[in-house]
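This report describes selected features of one protein model. Please examine the sequence and the structure before reading on.

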Amino acid sequence: MAKKGTKRVLAAVEYATPEESRNLTKSIGATRLFAKYERSFTAASGLPLTLRPIGTFRMPATGHKKQNPFCALVSTSRKGCLACLMAQSELEKSATHTATSFRCFAGLSDTLVPIKMGNRIIAYLQTGQVALEALDNSHYDRAHGEMILRGIELDSREARKAYRKSVCMDREAYQGFVKMLEIFAESLGAAANALHIGKADKSGNQAALKAVRYIRQHCDHPIPLAEIAKVAGASVRHFSKIFKEETGITFVDYLTRERVERAKKHISQTNDRISDIAFASGFDSIAQFNRAFKKVSGESPSSYRLSANG
């Protein structure tokens, strides 16, 4: 008797707040890691690559040197701009677990790749504005017909000329580039976690700095909130407020991330048992460790060890 297939149950989608997403996108965009990859990707594909914060109501690739000239022209029309923005909004709703592509009214494809910090989407990598087949006049004629239906008024000769300058690529090659972006998004997610922790080092608040130093020296032991507040020289309520303001995350989240980062280092550099590493990193139980590790890293400790040693 054939076994019934089992469906993979996807975890519920969690999102960073719009403000957190904007801040992280700005920080990630300023890293050498992103700058280097963006240059390499653009040179290899001929396509734009941008970081997109959650809920951004803006045209993609605006001002990018590889922006599709037809898309740039459409954005000068109020109705054209609105049509593109609505399409971007729908694309974002669909890009919840993996890279998702959308074909616009002009026959051009755009793709969003979610960047995750643990199980939370914090931003997106975006590319596209590409034709996945060779273009001729008939393709523009169809696009022009769609523009008329939408009330998008452009100079037809100029629009045709811009449209024919679109990058054309076969579907298999484009999917290869998208796969590259999915791998890169994983690296950016890890970088974002490090940026979250590193932000505390740049705090100008002495109470927050004292707390961070204490956490790093004692995170392998229990640290009650009242204890860390006393170290910082503040009341529990005031400490909780200023710590989140300075680091962008709560004390508990910060402590958990420090412990997970310590565990990741031990997992990748030693052959110690994962259970031993869990307790040595300050976790009270294996179940607690597994939950925290999955939330921060997006994978289980055993899976992380396999990929780190692969």
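Which residues of helix H11 are buried? In this predicted model, the buried residues of H11 are Phe 251, Tyr 254, Leu 255, Arg 257, Glu 258, Arg 259, Val 260, Ala 263, Lys 264 and Ile 267. An α-helix has 3.6 residues a turn, so residues three or four places apart point the same way.

Attention now turns to a pair of helices. Helices H8 and H9 pack with their axes 8 Å apart, at an angle of about 125 degrees. The two helices are therefore oblique to each other, and H8 passes H9 in a right-handed crossing. The table lists the residues that make the contact.

| Helix | Residue range | Residues in the contact |
|---|---|---|
| H8 | residues 206-218 | Ala 207, Lys 210, Ala 211, Tyr 214, Ile 215 |
| H9 | residues 225-232 | Glu 227, Ile 228, Val 231, Ala 232 |

Of the residues in this contact, seven are nonpolar, two are charged and none is polar.

A further site of interest lies in a loop. Gly 118 is located between strand E4 (109-117) and strand E5 (120-130). Is this residue, Gly 118, buried or exposed? Its relative accessibility is 9%, and because buried means under 20%, Gly 118 counts as buried. Leaving aside residues up to four places away in sequence, Gly 118 touches Lys 294, Lys 295, Val 296, Ser 297 and Gly 298. Gly 118 and Leu 209, by comparison, are 91 residues apart in sequence, and their C-alpha atoms are 25 Å apart in space.

How values were computed. Residues are numbered from 1 along each chain as its sequence is written. This is a predicted model: local features need pLDDT of at least 70, side-chain atom pairs count only at pLDDT 80 or more; totals for chains, interfaces and linings use all residues. Side-chain values use heavy atoms; hydrogens and water are left out. Axes are lines fitted to C-alpha atoms, for helices over the stretch in contact, and angles run from 0 to 180 degrees between N-to-C directions. Helices (H or I, at least four residues) and strands (E, at least two) are DSSP runs, numbered from the N terminus. Angles under 35 degrees count as roughly parallel, over 145 as roughly antiparallel, 65 to 115 as roughly perpendicular and the rest as oblique. A crossing is left-handed if the near helix is turned anticlockwise from the far one by less than a right angle, and right-handed if clockwise. Contact means heavy atoms within 4.5 Å. Ala, Val, Leu, Ile, Met, Phe, Trp, Tyr, Cys and Pro count as nonpolar, Asp, Glu, Lys and Arg as charged, and the others, Gly among them, as polar. Buried means under 20% relative accessible area, exposed over 50%, partly exposed in between (1.4 Å probe, protein chains only).
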